[in-house]
Amino acid sequence: MTSREDILTRVREKVGRNVDDTALARGDMEAWLNTRRQGPRPPAAGDLLARFREKSEALSTSIDIVAEWSTVPSAVARYLAERSLAKTAVGWPLLTGHDWAAAGIAFEGRGARDADRIGITGAFCAIAETGTLVLLSGHDTPASVSLLPETHVAVVAASRIVMGMEEAWNLLRAKGGALPRAVNFVSGPSRTGDIEQTIVLGAHGPYQVHVIVVTGA
Amino acid sequence: MQIRSMFFKANAAAALANPVLQGNMRTSKGKFVDKRRTAIADFSAEGGDFEALRDAAAELRDRVLKDLDLWLEKFEAAATASGATVLWAKDGDEICRHVVDIARRHSVRKAVKSKSMLSEEAGLNQALEASGIKPVETDLGEYILQINNNEPPSHIIAPVVHKSLDEVADLFEKTHRTPRKTEIPELTREAREVLRSHFLDADMGISGGNFLVAETGSVALVTNEGNGRMVTTLPRVHVVVTGIEKVVPTMEDLSLLLRLLIRSATGQHISNYVSLLTGVKRPDEHDGPEHLYFILVDNGRADLVASEFQDMLRCIRCGACMNHCPVYQTIGGHAYGWVYPGPMGSVLTPLYQGLNKAIDLPQAATLCNQCGVVCPVKIPLPELLRKLREKQVEKNLRPWFERIALKGWAWVASKPKLYALGTWFGVRYLNWLAGADDRIRVLGVAPEWTLGRDFPAPEGKTFRELYAARKR
């Protein structure tokens with residue numbers, strides 16, 4: 001007997017599985033899968049953008065709010081200048097079409113490498129409840145860009161800020177097709193508290209996360 | 001991992017007598033408790049109902065366990081359809097065989113690991129090394145332990161909670177041959193630099209799995225450091241090693257459990273990275289593994305299904321029980337002698353490794369129920385510990401002197417006159433010990449009992465004497 005059969009056979013015996021109740025149990029399972037019942041959640045009160053901002057800042061994410069996409073490159077340039085960071089960035093190929101050069105940013109749309117210092121991404125959506133960015137991996141949206149560089153700059157439309165994780169799942173299902181390889185929920189710069197439970201920012205991922213919210217998009 | 005729980009008493013005594021450990025335990029004491037309390041208060045302030053969340057989570061976990069066979073098949077089908085390979089392992093040895101086979105198939109020389117308690121159960125690092133494959137732990141805490149001669153973790157989410165900054169600084173100086181760092185951010189940076197090169201040239205990533213989502217065939221990983229993302233994004237091969245009880249039906253169910261797990265574990269509202277990973281790198285994708293394997297592990301879990309200990313399978317490995325346990329907080333995690341310490345470990349170790357190998361663990365509790373009160377999935381830990389004590393008695397596993405003493409007591413208790421005489425002497429003996437005081441400083445027959453506390457002196461007479469006097 002294979003280990004698979006051995007384990008499943010023992011579990012079946014334990015739960016008292018028999019032919020009659022299998023169909024019934026499968027019916028219950030399908031019902032549960034289709035209902036997608038949500039657990040108890042905090043109510044969605046107040047302005048989502050304000051909440052997203054408050055929660056993000058609590059996680060040491062900095063927030064900038066701009067009116068339209070055309071001003072994003074200059075907003076990124078401003079942020080990099082404030083932090084005395086070089087204006088050379090790797091970014092999602094999806095964002096290549098924007099006029100980065102006009103803002104003095106050398107933008108390369110590709111997956112990130114170890115030497116890259118600034119990574120610029122968009123976001124599938126963002127979550128107000130926890131100040132979280134939702135990033136989907138893909139050809140035009142490589143996951144490494146939000147991971148390897150020390151600084152992660154993300155651009156998200158205000159209209160894509162949703163209350164909770166559940167709304168993100170709904171958007172993902174509405175998008176259709178197979179799930180992307182990775183759905184990454186990113187909440188602030190990477191951190192560790194392993195030594196004496198003292199929180200240090202910048203463990204293996206970015207040291208700083210800057211989010212630019214575009215209200216007119 | 002080789003079990004050492006049979007030496008619990010000696011190890012606990014050594015832990016109590018170790019001034020460095022005691023100092024470190026004092027430094028960390030209460031931090032997780034405070035953070036969790038604040039997180040739950042914040043949640044309530046936002047209008048959330050944490051108790052309702054606990055009820056819903058316990059119900060959800062029971063729902064899955066009731067049909068675990070079918071949910072596992074569902075997960076397996078979805079994961080396979082997404083391009084992953086699903087393997088099964090009965091025990092730790094089989095985990096090791098699978099991982100070594102996979103490594104050989106893909107010519108792996110180096111494997112980077114994200115924290116996995118199951119790999120500790122299996123002793124996976126040792127097995128990989130023996131096969132010429134270099135395992136590198138990448139969670140900062142686990143890395144510190146690995147470079148300290150593969151020291152076992154003392155906590156399931158904070159593996160080096162027993163170590164001080166100074167000890168880590170010494171270890172880094174010795175291992176990395178760099179000037180000694182004295183600040184935590186500098187040490188963290190040094191580890192980042194050392195581990196970054198491993199992430200970049202590893203061929204295989206090994207992770208645990210916080211949850212498996214049956215609906216989509218995905219694994220959900222929760223980390224703060226980002227090492228979980230590195231391990232599952234950069235290497236060519238990703239192996240997930242996880243227990244069969246980790247399956248949940250939908251992404252909504254995952255969200256429910258994450259709200260509880262994270263607040264209970266670290267007191268955060270959300271961990272920095274939550275990743276839902278499904279299938280392999282797409283044809284046009286820049287990063288991601290080309291091969292994804294799931295190893296679904298029994299190692300004692302299947303036998304708990306539908307047993308009187310099934311409640312334990314609801315466990316989501318948050319560590320809140322040990323953070324709130326007066327015994328764990330005093331002796332630390334190593335004394336428990338196997339992978340899982342604290343109250344959840346005192347239940348799991350005897351069940352997975354055998355009651356006879358962990359004879360003192362069910363006794364290593366005051367049954368104060370702090371663990372039961374904070375458990376996010378409402379596992380009645382004290383009740384399970386008491387059941388294990390009953391099992392020990394039923395199987396005649398208690399020490400001979402305890403059995404004889406209890407038999408003797410039972411014999412005397414069934415002879416009312418003799419019992420009355422015994423208590424008459426007993427109460428006078430205790431009063432004599434107390435002298436003029438109202439408490440006993442040193443209990444004559446069991447002096448250890450009064451090492452750290454006094455024993456209250458009894459009233460001058462036995463209950464029977466007082467009762468008889470009142471009747472008159």
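**Entry 1: a pocket in chain B**

I started with the second largest pocket, and found that helix H1 (8-16) and helix H15 (326-331) of chain B each supply at least two residues of its lining. A reminder to myself: this is a predicted model. I then looked up which helix gives the largest share of that lining, and H1(B) does, with five residues. The lining has 20 residues, and B:Leu16, B:Gln363, B:Glu448, B:Trp449 and B:Arg453 lie nearest the centre of the pocket. Sorted by class, the lining has eleven nonpolar, four polar and five charged residues. I noted a volume of about 790 Å³ for this second largest pocket.

**Entry 2: the cores**

Next I turned to the largest nonpolar core, which has 118 residues; B:Phe294 and B:Met344 have the most contacts inside it. H13(B) provides the largest share of this core, nine residues. Another core, of 64 residues, lies apart from it, and I picked out A:Val156, A:Ile161, B:Phe199 and B:Val231 among them. I also checked B:Met344: leaving out residues up to four places away in sequence, B:Met344 touches B:Ile156, B:Met312, B:Cys315, B:Arg317, B:Cys321, B:Met322 and B:Leu381.

**Entry 3: an arginine in H13**

Back to helix H13 of chain B, residues 251-265, where I found B:Arg259. Is B:Arg259 buried or exposed? Its relative accessibility is 6%, and buried means under 20%, so B:Arg259 counts as buried. I then listed its contacts, again skipping residues up to four places away in sequence. From chain A, B:Arg259 touches Pro40, Arg41, Pro42, Glu129, Met165 and Glu166. From chain B, B:Arg259 touches Phe43 and Leu53.

Conventions. Residues numbered from 1 in each chain as written. Chains lettered and ligands numbered in written order. Predicted model: local features only at pLDDT ≥ 70, side-chain atom pairs only at ≥ 80, totals over all residues. Heavy atoms only, no water. Helix = DSSP H or I, 4+ residues; strand = E, 2+ residues; numbered from the N terminus. Buried < 20%, exposed > 50% of the residue type's maximum accessible area, 1.4 Å probe, protein only. Contact = heavy atoms within 4.5 Å. Core = buried A, V, L, I, M, F, W, Y, C linked by side-chain atoms within 4.5 Å. 1 Å grid on protein atoms, 1.4 Å probe; cavity = no way out; pocket = protein on both sides within 12 Å on 5 of 7 lines; lining within 4 Å. Points joined across faces, edges and corners; volume = space filled by probe spheres on them. Nonpolar A, V, L, I, M, F, W, Y, C, P; charged D, E, K, R; others polar.
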